[in-house]
Amino acid sequence: MHTTAPHPRDVLFEDGDPTTSLPVCDHYSGVEARMRKSLELQAELGPVFDVTLDGEDGAPAGGEVEQAHLIAELVQSPANRYDRVGARIVPRGHPAFEKMLEVLLRDAGTRLAYLMIPKSRDAADLEAAVHAIDVAARAVGLAREVPLHALVETHGALRDVELMAAHPRLESLSFGLMDFVSAHRGAIPQSAMSAEGQFAHPLVVRAKLAIAAACHGHSKTPSHCVVTEFKDARALQRAAERACREFGYTRMWSIHPDQVEVIVDAFAPTAAEVDLAVEVVMAAQAADWGPIRLRHNGREHLHDRASYRYFWHVIERAHRTSAGGHSQLPAEARVRWFGH
């Protein structure tokens, strides 16, 4: 008899689960008033979504360094309640690149959740950007390595997606739909940027699948692209569900506050999935993680550690998508596995 049952993570992953468990939604904001509102929404819902303060497309042309100062101020402010606020920097080669890094790393480096690197031309260009970030961090005396995310939005980045996903400094790769379509110089129609069209055009579908597969192969988080029809909640929900359930994405971009809860809900497992996952993992734990027989969906099933890992990921996703203190998990499961 064990007096204290081992935690599922310790049993099911011999060297620990190497995948970083990031929130399922990444919300982008570049205008000061909207930045502050995004932080207020995060305080209300909890850390079920990240806030990325945008120093690239969200900054006025020529005002990128001033934007970096604003971002640093907000990252360091009490409004950043959960330390889940990151920043998108300008591409390497931009005149403001080095100065923006200096400001962000010097003034907010201890609390930045991550830096997003855009427009990498290929894996070598990404490596050069990562090196520049680490050099800048040392120059300002920052002891920690700030986590890094990167966008795949160029032909070269897609060609090198396996190398990019394998980079040890990266947590996540995001698909940059708009720039990717634009890079085809009109060969891909504008409809492929829409909520439905982006799941139909073969070149876009190919890119999405390559990014998701590379990320999973290297234990990184694949982050799905935007839906620009921000007033159409139904279209967003369909797109988010397809990204999650058909294309293997575990995170998705939001570009309007109204999109956040829709994305979080779409990426959450269903109540039936959660109930089954909890039942299986609790039975497995009671059986000291040996094989079990369990009846569900009208049939008897055999389960072992291979399926236990799947069901544990369902439980973790339910925990990550519990917004505003409302958890999908039963109280016993929350206390047993997450301590609250």
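The questions and answers below concern a predicted model, and they go from the barrel to the hairpin, the loops and the open and closed spaces.

Me: In which order do the eight strands close into a barrel?
Reply: The pairing in this barrel is parallel, and neighbouring strands are turned by 30° against each other on average, direction ignored. One of the pairs is formed by strand 5 (residues 148-152) and strand 6 (residues 170-175), which are joined in the parallel sense by five bridges. The barrel closes in the order 1-2-3-4-5-6-7-8.

Me: Which residue in strand 6 does Ala 150 stand opposite?
Reply: Strands of a sheet pair through backbone hydrogen bonds, in either a parallel or an antiparallel sense. Strand 5 and strand 6 take the parallel sense, and the residue of strand 6 that stands opposite Ala 150 is Leu 173.

Me: Which residues make up the uncovered face of strand 9?
Reply: In a regular strand the side chains alternate between the two faces of the sheet. Strand 9 (residues 292-296) has Ile 292, Leu 294 and His 296 on its covered face. The uncovered face is made up of Arg 293 and Arg 295.

Me: Which residue takes a positive phi in the hairpin of strand 9 and strand 10?
Reply: Strand 9 and strand 10 (residues 299-303) run antiparallel and are joined by five bridges, and the bridge partner of His 296 in strand 10 is Arg 299. Two residues lie between the strands of this hairpin. The residue with a positive phi, near 55°, is Asn 297.

Me: Is Trp 289 buried or exposed?
Reply: Trp 289 is found in the loop between helix 12 (271-286) and strand 9, and it has a positive phi of about 70° although it is not a glycine. Its relative accessibility is 4%, and the cut-off for a buried residue is under 20%, so Trp 289 counts as buried.

Me: What is the relative accessible area of Asp 83?
Reply: Asp 83 is also not a glycine, yet has a positive phi of about 55°, and it is found in the loop between helix 3 (64-76) and strand 3 (85-88). Asp 83 is partly exposed, and its relative accessible area is 36%.

Me: Which helix gives the most to the lining of the largest pocket?
Reply: The largest pocket holds about 590 Å³ of space, and of its 24 lining residues the closest to the centre are His 216, Thr 250, His 313, Arg 317 and Arg 320. By class, the lining has eight nonpolar, nine polar and seven charged residues. Strand 7 (221-224), helix 10 (233-245) and helix 13 (305-320) each supply at least two residues. With six residues, the element that gives the most is helix 13.

Me: How many nonpolar residues are in the lining of the second largest pocket?
Reply: About 430 Å³ of space lies in the second largest pocket, and of its 23 lining residues Tyr 28, Asp 54, Asp 57, Arg 88 and Ile 255 lie nearest the centre. Apart from six polar and six charged residues, the nonpolar count in this lining is 11.

Me: How much space lies in the largest cavity?
Reply: A search of the whole structure finds one cavity of 30 Å³ or more. Its lining includes Pro 91, Arg 92 and Asp 125, and divides into four nonpolar, one polar and three charged residues. The space in the largest cavity is about 30 Å³.

Methods
Residues are numbered from 1 along each chain as its sequence is written. This is a predicted model: local features need pLDDT of at least 70, side-chain atom pairs count only at pLDDT 80 or more; totals for chains, interfaces and linings use all residues. Side-chain values use heavy atoms; hydrogens and water are left out. On a 1 Å grid over the protein atoms alone, a cavity is a set of points where a 1.4 Å probe fits but cannot get out, and a pocket is an open set with protein on both sides within 12 Å along at least five of seven lines; lining residues have an atom within 4 Å of a point. Grid points are joined across faces, edges and corners, and a volume is the space filled by probe spheres set on the points. Helices (H or I, at least four residues) and strands (E, at least two) are DSSP runs, numbered from the N terminus. Ala, Val, Leu, Ile, Met, Phe, Trp, Tyr, Cys and Pro count as nonpolar, Asp, Glu, Lys and Arg as charged, and the others, Gly among them, as polar. Buried means under 20% relative accessible area, exposed over 50%, partly exposed in between (1.4 Å probe, protein chains only). Two strands pair if DSSP finds at least two bridges between them. Axes are lines fitted to C-alpha atoms, for helices over the stretch in contact, and angles run from 0 to 180 degrees between N-to-C directions.
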